[in-house]
Amino acid sequence: MAENFPLKDIVARRLGENYDLHERYVNRTLVSVLRTIGFDKIYARAEGCYLYDKKGDAYLDFLSGYGVYNIGRNHPVIKQTIRDLLDLDLPNMVQMDCALLSGLLAEKVSTLMGHGLDSCFFGNSGTEVNEAAIKFARAYTGRPRMISLKGSYHGLSYGSLTLTQNVNFQEGFGPLLPGVVHIELGDLAALEAELAKKDVAGFIVEPIQGKGVHFVDGDYWPKARELCRKYGTMFIADEVQTGMGRTGKMWCYQHWGLDPDIVTFAKALSGGYAPAACIVTRRDIYQGVYSRMDRAVVHSSTFGRNNMAMACGLATFHIMEQDKLVENSATQGEKLMARIRELQKKHELIKEVRGKGCMIAIEFQKPSSFLLRQAWKIFDQVDKGLFPQMIVHGLMHDEHVLTQVAGHNMDVIKLLPPLTISDKEIDLFVAALDRVLDRCSSPIGPMWTFGMNLAKHAVAAKKARSESAKA
Ligand SMILES: Cc1ncc(COP(=O)(O)O)c(C=O)c1O
């Protein structure tokens, strides 16, 4: 019998080697990026809205693992659920059985969705369930094509990567899936022109786009949904990021009273402890895939219904309900946006604050002072994403706040705090942003020096790319 595995000793002994190990054995390009932008921290512990380094210094986490930690990190109820699950010694992934926990989670999801969306398939990641959505839509409609939106992000495996309209992610990986078109968000005429060909299986949308936090209010979504119904195309809501309370409703499509044919969600489902994802649809659509006895496992995934993910999923919904996190997301998100908008009066660099719930974008604009304009112009010419990177760096380096640039070629940063944020975290963030923008208001000083260094890196990278293209 093997002796106990000394995990705690190993972590205590080797914590600090993280970046060297990744440099050697994992993604050394990511290591370079993290070192360049000052994100190469060694975190030792995490709790709620905070990460802590070895010295015990706290970092406010407004990134939430790209939207995974809706309930905050290392939630005690999830930890206890995992301990209880381990104590039960349940049979896991027997595969040729129907396990209780996946049945219970599917029951829960179906009650939360409504609109007859009562049939679930569990997978491991957002991209995997979006692949499933393409297959479900094709199998049910018997049609080949898919429509998605310009600026969208649906994942990086081949089907989802094709739906993702972003050359930065697609470059070097073609050919992609045939039969996919990307149309403008908000353009109903373009949508109808494609749908009218009656060969479109599905129209997949993020109700609020993750890249840049773009969305349209008004009647665009209800009309787009109706057009899909008219032409027999599946209306698919990708709620991988926007789902589970992120935008102040349990599901983002509820902001517009929509009834999608298919919904996918992932990220926050397991409270951050196990890969987990879900596609939910109506029974008739589901049976379009599992249509005969010999097709009973025609779409499956070995770890999809594993007990750890399912138990954590059940516990996550329990926490969200008990702690009223959807409501908290709506009220605290509004408060946070209002407080940042107040900063607009003082900081002309802030162009717009937009979002719903705790999915928020801050867009920046060219300053009016001559010297700052020149610095901004240099950034813009080198790479449009450099200015927000400077803000993200400033927030991290000087203020210990984690945020992210909202996408390629945009002057936008994105905030995805845990839905548990209180007034304290809002105060901390707003004060930190205020100070960072103060430091940006003079073209001399460490922030712009850092920005110029980033610009130099970007120029060198561009040069290397064009030389390797010539070779
Ligand atoms: C809207 C959306 N869809 C799909 C994905 C892909 O999810 P995953 O990274 O779990 O494959 C993401 C990830 O950020 C996302 O935001």
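Is Met244 buried or exposed, and how many C-beta neighbours does Met244 have inside 10 Å? Met244 counts as buried, with 30 C-beta neighbours inside 10 Å, where buried stands for 20 or more other C-beta atoms within 10 Å of a residue's own, exposed for 12 or fewer, and partly exposed for what lies in between, with C-beta atoms placed from the backbone. The model is predicted, so local features need pLDDT of at least 70 and side-chain atom pairs count only at pLDDT 80 or more, while totals for chains, interfaces and linings use all residues. Residues are numbered from 1 along each chain as its sequence is written.

**Domains and their contact**

- The chain is divided into domain 1 (17-71 + 325-467) and domain 2 (76-322), with bounds that come from an automatic or database domain assignment.
- Taken over C-alpha atoms, the centres of domain 1 and domain 2 are separated by 29 Å.
- The contact takes 26 residues from domain 1 and 23 residues from domain 2, two residues being in contact if their C-beta atoms, placed from the backbone, lie within 7 Å.
- On the side of domain 1 that touches domain 2, the largest share, five residues, comes from helix 14; helices (H or I, at least four residues) and strands (E, at least two) are DSSP runs, numbered from the N terminus.
- By class, this side of domain 1 has 14 nonpolar, nine polar and three charged residues, where Ala, Val, Leu, Ile, Met, Phe, Trp, Tyr, Cys and Pro count as nonpolar, Asp, Glu, Lys and Arg as charged, and the others, Gly among them, as polar.

**The largest nonpolar core**

- The largest nonpolar core has 121 residues, and Ile360 is one of those that touch the most other members; such a core is a set of buried Ala, Val, Leu, Ile, Met, Phe, Trp, Tyr and Cys residues joined through C-beta atoms within 7 Å.
- Helix 13 (residues 307-322) gives the largest share of this core, nine residues, and the core draws at least three residues from each of domain 1 and domain 2.
- Leaving aside neighbours within four places in sequence, Ile360 is in contact with residues including Val213, Gly333 and Leu415.

**Around the ligand**

- Of the 14 residues around the ligand, Gly126, Thr127, Gly155, Val240 and Gln241 come nearest, a residue being near if its C-beta atom, placed from the backbone, lies within 6 Å.
- Helix 7 (residues 126-141) gives the most to this shell, with three residues, and the shell divides into four nonpolar, eight polar and two charged residues.

**Backbone geometry**

- Most residues other than glycine have a negative phi, and most peptide bonds are trans.
- Met244, in the loop between strand 8 (234-238) and strand 9 (262-265), has a positive phi of about 55 degrees although it is not a glycine.
- Tyr66, which has its place in helix 4, has a positive phi of about 60 degrees and is partly exposed, with 14 other C-beta atoms within 10 Å.
- A cis peptide bond, with omega about 0 degrees, joins Gly174 and Pro175, and Pro175 lies in the loop between helix 9 (167-170) and strand 6 (180-183).

**Strand pairing**

- Strand 2 (residues 50-53) and strand 3 (residues 58-61) run antiparallel and are joined by three bridges, where strands pair if DSSP finds at least two bridges between them.
- Strand 3 also pairs with strand 13 (residues 401-402), in the parallel sense over two bridges, and Asp61 stands opposite Leu402 in strand 13.
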